[in-house]
Amino acid sequence: MNSSALIHAVIDGVLTGSVYALMATGLTLIFGVMDIINVAQGIFVILGAYLSYALSVHWGIDPFVGLVITIPTLFLVGIVVERAFIGRLKGPEKTAMSILVTYAISLVIEGALNMIFSVNYVQISASYVNKTFDIFGVYFAYIYVYGFIMAAILLSALYVMLYRTRFGASIRAALADQTAAALVGIDVKRVSTICFGIGIAVTAAGGMVFGATNAFNASTSYDLISRLLVIIVLGGMGSLGGALLAGILMVTLEDIVGVVWSPVWSIIAFYIVLVIVLSIRPQGLFGKQSARVA
Amino acid sequence: MLRKRNLLWLVALAIALFVPTFITNPAYRQIAVITLIFTACATSWNMFSGYSGYVALGSAAFYGTGAYTMALVAVHMHIPAGGDMFWLVPVGGLAAMLVAVPVGLIALRVRRHTFVVITIAIFFVFQLAAINFNFTGGTGGLTLPYIPWLIQNYHIPFYYVALAMLVFAIGLSAAVRRSRFGLQLLAIRDDEDRALGLGVKVFPVKLTGFAMSAFTIGMGGALYAMMQGQIYPQFVFDPIFDISIALMAFFGGFGTLLGPILGGLVLESSQQYLTVTYSNGSLYLILFGVLFLLVVLFMPQGIVVYIRDAWTKRQDRLASSSENPVTQGGHS
Amino acid sequence: MKTKGKLLRAFGVTSVAAATAMMMATTSGASSSGSIAKGAPVTIGISLSLSGDFSADGLAYQQGYKLWAADVNAAGGLLGHKVKLDIVSDASSPTQVVTNYQKLISVDHVNLTFGPFSTLLTLPAAQTVNRYGYAMIEGAGGGPSVFQAGLKNVFDVTLPVAYDLQPFATWLTSLPASSRPKTISYVTSNDPFTQPVVQQAQKLIGSKLKTVYNKVFPAEATDYTSIADAVAAAKAQVVVLGSVDVPTVSAFMQAFEQAHYTPEAFIATAGPDQGAAFIKAVGAGNADGMMVPNSWYGGSKNPASMKMVAEYVKQYGGTAAGVNADIAEAYSVGQVMAQAVTATKGFDNSKIIKYLHSGATLSSVQGSVKFNSLGENTAQTAYTFQWQGAKFVEVNPVGDPGASKVLFPKPAWGK
């Protein structure tokens, strides 16, 4: 077993995992505040990737610079989607219905993307996708490091907002207990809408990095959403720290297994870890313990 | 006790029995068989998820297990290609049921919301195992013994077996609904803690329901495998299958008996028809998504309940205008 | 309550009836009669991957089939009947392929069928078509699984893939000991096409080179970086990559470049043979030295091939080297069918199948075609090709009249 390959695996796990963590954070935030499982998160990532791609190919805008356009755009898209569809869901089956509604939305977006961009695989290219840094003797393309820095900045910004602003406090209140939050006068509906918007906006950033490091088309979203869902389940649905940890853990574990054993088993290893953790701790690493007994 | 309601079921069955005689085109007969298989799966899925409220989105794991069981047994036990293979259909169902037990032991211990996602995760473990293990044939999948029946009659036996499976699924679902076991499931759906407090053995009840629903779904997979002659991991362990059967149940009416039947017949037959006529097109994705959004937003309880409620409202309106007493609506 | 229940039941029954009515559109079974009315066109049904994983090849196949149809029609058609192609898309899905061929035959009533792209899709297609008694002539389903199914109706005009890497293996192991590489890595997708090819190469090369890396990766992987990095870390002098398409090869090449790793010899089972599509994806400087097995290339001196290449370049632009090997495969399928139709003087599928199994030798732009009882083309030679500068040249088998010298070792990336 090659030690430089192992070092590479660990570092890649942190760099790439942080980007997944960013996207998963959006998903877990939406769930925590709204009890909505947004299975369209994957297709929104791809939408963000395509937007960055289009900006780069048609107008020559650098993908990172393009984020200035794509992040607010996806934020607005999130707000509109929430107002039009998600916000209407209520009742005891709200969560189950949200899966179906968001799935329907993802179908529509997928079909639209296929028609606009065709199903051929594309990848965002930029000068820094190929040039590499030398870290501890292994080479990493600039994009991975830049992506990590960006994810770190955005996640930090998110934490600052949550813990230092009043709005952030209302989000945390809604995360803890929606009814109680409403009772103390927090406009839960408004908080929900904005949270959904934030949750989607982060996919623009994650999508850009994903699109630069992977060839993608609209159907890549299925693999993405399954990864994001299991990340938030492992981390604990509704827990932001959990999403971060689980995201990094997932990619690191996969990479290490791929080096030590075989790439074919990488992702299975992760799922097995997931199942083991859930057998012992059904609520995930940092999830809320439910009051009932199984 | 031939009540009007039962009479209508019999009429529907009679029509269904004669379908292969008026549809003679093999491509369309195949649509009919697949529609029946999906409807049976949706009914069976609803029997657990609809009644207990635990929306399981990983049932394709059972479908795939049934399919692979059929393929592996047929090949390794050298079952002669042809009618004998039909005996493996219930074997597929049994395999799925056995597999559902450990899956349920892990998945049913969590809250409803997490349950949904865990079933998805466990489903992916199955899919990946099928892709990566050697004995399951990897990405290339498995080929079943080639059944040499003539194309003009090929689908007929499959149709009747699928119909029998659907009748079985409906019968089982109805029986559960009327039984004490069914009441316990419904109680869990309404308020699990309260049910627990009232003495319902919640965990064994959930596990039993889960395993029972896996049986028919496994049979569906096995029958499909036999008919297609070839299975591929991404297609018998297909996340779209999960969503489709949930969609069918919700479309028709989540938790009702007729709901998944309606949903399955309408949605699956139209999806298959569009697939045959237009091949795969992005337009169809958009149409489906839009259609579904509309149903979910305007008829969130599903079509069956929507119609039932609309009918009840109409009756009430009629009653209040004519001041005749009206009999109370009941459950379907 | 009773009336309301009745309404619901009626609704349920009606929906069954409605679904039934919708399907009652056509009512006929299969026919393989073989005779066509005078003046009517002969329709050929084809399912192609116009979208999905195999879309690049599917589109190339479409071009190839259409080119053939245009040429045949310009020469008067098949037995005087104009050829009409009925192409539907299967989105690279094996289940859709089955539905497509069923529809083509039983709803569209096509007279003949051509094959789809890839081993994965050809097998279910051939089985389906077999039930209707139709022949399946194809050019891209060469994996062992296709021939092991025991079907009598499948005919692959292209060399069976198991022999693909034979010339490469021979060249590699016969290099003089001083210049022969010592180490080799095998990495392949677990696809029914690539895996047998790479395994066969491994068998042929055996212990003459030391295997330092030998892994299989999932076909549906999207991020090849970690796998490619592991291969790069093994620092083998030769890399044998089992890939099905350009994106896979380009991802590996990119990762190798990032890791500053250049193997002395690098061969991929598919991708570099896609001509201009390959160059566009990886850049001309990087393509230098890349090798790929195939039985045809744009510079082939076969007269029919040169005519086809000229027509293609006239219609689509580019150079001879940029012509995708898929074009030739598809064209050959058409040619073989045409010869079978002419020989059996009709469109009867059972007669066509019998003729093709009779041991007759046919010709195509890819060379000679002769089928054995399994449907394999035993009359073709395997070649290895290499990009040298902007040119795509034949390099193996060594000593073959058309072969150039192998560019060895491979130049560094990005030159």
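A:Arg227 and A:Glu254 form a salt bridge (a side-chain nitrogen of Lys or Arg within 4 Å of a carboxyl oxygen of Asp or Glu), with their closest N and O atoms 3.1 Å apart. A:Arg227 belongs to helix H10 of chain A and A:Glu254 to helix H11 of chain A, so the pair ties together parts 27 residues apart in sequence; helices here are DSSP runs (H or I) of at least four residues, numbered from the N terminus. The model is predicted, with local features requiring pLDDT of at least 70 and side-chain atom pairs pLDDT 80 or more, while totals for chains, interfaces and linings use all residues. Residues are numbered from 1 along each chain as its sequence is written, chains are lettered from A in the order in which they are written, and side-chain values use heavy atoms, without hydrogens and water.

A:Arg227 also meets A:Asp223 in a salt bridge of 3.4 Å, N to O. Both of these residues lie in helix H10 of chain A, four residues apart, about one turn of the helix. A:Arg227 counts as buried at 12% relative accessibility, as does A:Glu254 at 11%, whereas A:Asp223 is partly exposed at 32% (buried, under 20% relative accessible area; exposed, over 50%; partly exposed, in between; 1.4 Å probe, protein chains only).

In chain B, the side chains of B:Glu192 and B:Lys206 meet in a salt bridge of 3.0 Å, N to O. The former lies in helix H8 (residues 192–197) and the latter in helix H9 (residues 202–228) of chain B, so the pair links parts 14 residues apart in sequence. B:Glu192 is buried at 7% relative accessibility, and B:Lys206 at 0%. Over all chains, the count is five salt bridges.

Notes
Helices (H or I, at least four residues) and strands (E, at least two) are DSSP runs, numbered from the N terminus.
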